[in-house]
Amino acid sequence: MIEKTRVIFFGTSAFAVPVLEALSAVADIRLVITRPDAPAGRGKNLQSSPIRARAESLNLNVLTPGPVNNSDFYKVIDNAQPEAAVLAAYGKILPLELLRIPAKGFLNVHPSLLPRHRGPSPISGAILAGDAQTGVTLILLDQEMDHGPVIAQRSITIEPHEHHPSLEQRLAMLAAEMLQSSLLPFLEGRITPQTQNHDQATFTKLLKRQDGLIDWSQEAATIAKQIRAYDPWPGTATQFHNQPLKILDGRAVDGQASEPAGTVINHLGQPAFVCGRGLLTHIMVQPANGKPMTAADFANGQRDFIGHRLG
RNA sequence: CGCGGGAUGGAGCAGUAGCAGCUCGCCGGGCUCAUAAUCCGGAGGUCGGGGGUGCAAAUCCCCCUCCCGCAA
């Protein structure tokens, strides 16, 4: 039996889980590096990363270092004698000294069609941009973010009303398939990485809670894309009676209204929100202490909802 | 012990001790070429569960279960 390639895996979020599983089938994973447990959720209990949970169930060695830019950590990595490393949604920038340790380099799974949507929120970036297609790119890491040469790339179609979670899940599956089919050919030298066309690079930024506050003066189409891109983080919300009101879904339609942007109006018997241009319809909301519901249901209990101007 | 809100007909909500209500939906009927229209009538609730106090509890006290917002 042939010895499997020794690799180290870096990853944190749920997107990385199928990738880890695929990797475990084709390589000898000596170490899994993920971010430390952190207080999270109601009650502020310590919570493991999805990768930590899955790696432990696969009986893999897991490390959860805080800072990774120190010689002690480099030594640990070096001692594992990795031929290559794979990184997927880890959440931290790795120092160049670390990238140099594995002889075959660090492979990075990035959920966009690089050089488009480099950076920390590529999936949201593709939805926000209104792209018809996105995909997964397997690259080698170099000193710049999402900048290295391309080993493999495949695209998929973004469905018309698709939200982030669905797209992320499909991209994760694609990423897992790609890693499984490309890793060995790359390590055996049968794939030559191709330099990216840096002139066409676009960049995404880290999403903050503030990004999820809806500006009703924007076009309905823009707001609808935000709703889909920011689900579930940071989410999209507005204010109603000084309470947050999450907007979970909505569709942009053409239409004019005399009311100012942010006003809730009756449109064909359903609540609709007036935007800078067009209307938002087919709305799902979630009030501060309630479950998700249609805007029509919400309006039944909040008699002043229609006609109210959201903030 | 991070902070906080909630559970009331099928859905969404009001109701701080004295006959359980509102909007929507549903069923039947009227009007109508038609409906996101409108009119008339009707069904549907042991008020999350258990215990306590009261002449009387959805409402006050104690315990339990479930759900959610903020924060990360």
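**Entry 1: backbone contacts to the RNA**

I started at G301. One of its backbone N or O atoms lies 3.0 Å from a sugar or linking oxygen of RNA strand B. I keep in mind that this is a predicted model. Next I checked N300. There, a backbone N or O atom sits 2.9 Å from a base nitrogen of RNA strand B. Both residues fall within helix 8, which spans 295–301.

**Entry 2: a side-chain contact**

I then looked for a contact to phosphate. I found R209. An N or O atom of the R209 side chain is 2.4 Å from a phosphate oxygen of RNA strand B.

**Entry 3: the whole RNA surface**

I sorted them by class: seven are nonpolar, eight polar and seven charged. Which element gives the most to this surface? Helix 8 does, with four residues. Strand 3 (38–40) and strand 11 (243–253) also supply at least two residues each.

I took the atoms of RNA strand B within 4 Å of the protein. Of these, 60% belong to sugar or phosphate, and the rest belong to bases.

**Entry 4: helix 3**

I moved on to helix 3, residues 71–79. Which of its residues are buried? I noted F73, Y74 and I77.

Just past the end of the helix, I noted a positive phi of about 50 degrees at Q81.

**Entry 5: what covers helix 3**

I asked what covers the buried residues of helix 3. The cover includes strand 1 (5–11), strand 2 (27–33) and helix 4 (96–99).

Is strand 1 mostly covered or mostly open? Mostly covered: six of its seven residues are buried. I then looked at how strand 1 meets strand 2. The two run parallel and are joined by six bridges. I picked out one pair: F9 has V32 of strand 2 as its bridge partner.

Notes
Residues are numbered from 1 along each chain as its sequence is written. Chains are lettered from A and ligands numbered from 1 in the order in which they are written. This is a predicted model: local features need pLDDT of at least 70, side-chain atom pairs count only at pLDDT 80 or more; totals for chains, interfaces and linings use all residues. Side-chain values use heavy atoms; hydrogens and water are left out. A residue is near a molecule or strand if one of its heavy atoms lies within 4 Å of it. A polar contact is a pair of N or O atoms within 3.5 Å; within protein, one must be able to donate a hydrogen and the other to accept it, and residues adjacent in sequence count only if both atoms are side-chain atoms. Ala, Val, Leu, Ile, Met, Phe, Trp, Tyr, Cys and Pro count as nonpolar, Asp, Glu, Lys and Arg as charged, and the others, Gly among them, as polar. Buried means under 20% relative accessible area, exposed over 50%, partly exposed in between (1.4 Å probe, protein chains only). Contact means heavy atoms within 4.5 Å. Two strands pair if DSSP finds at least two bridges between them.
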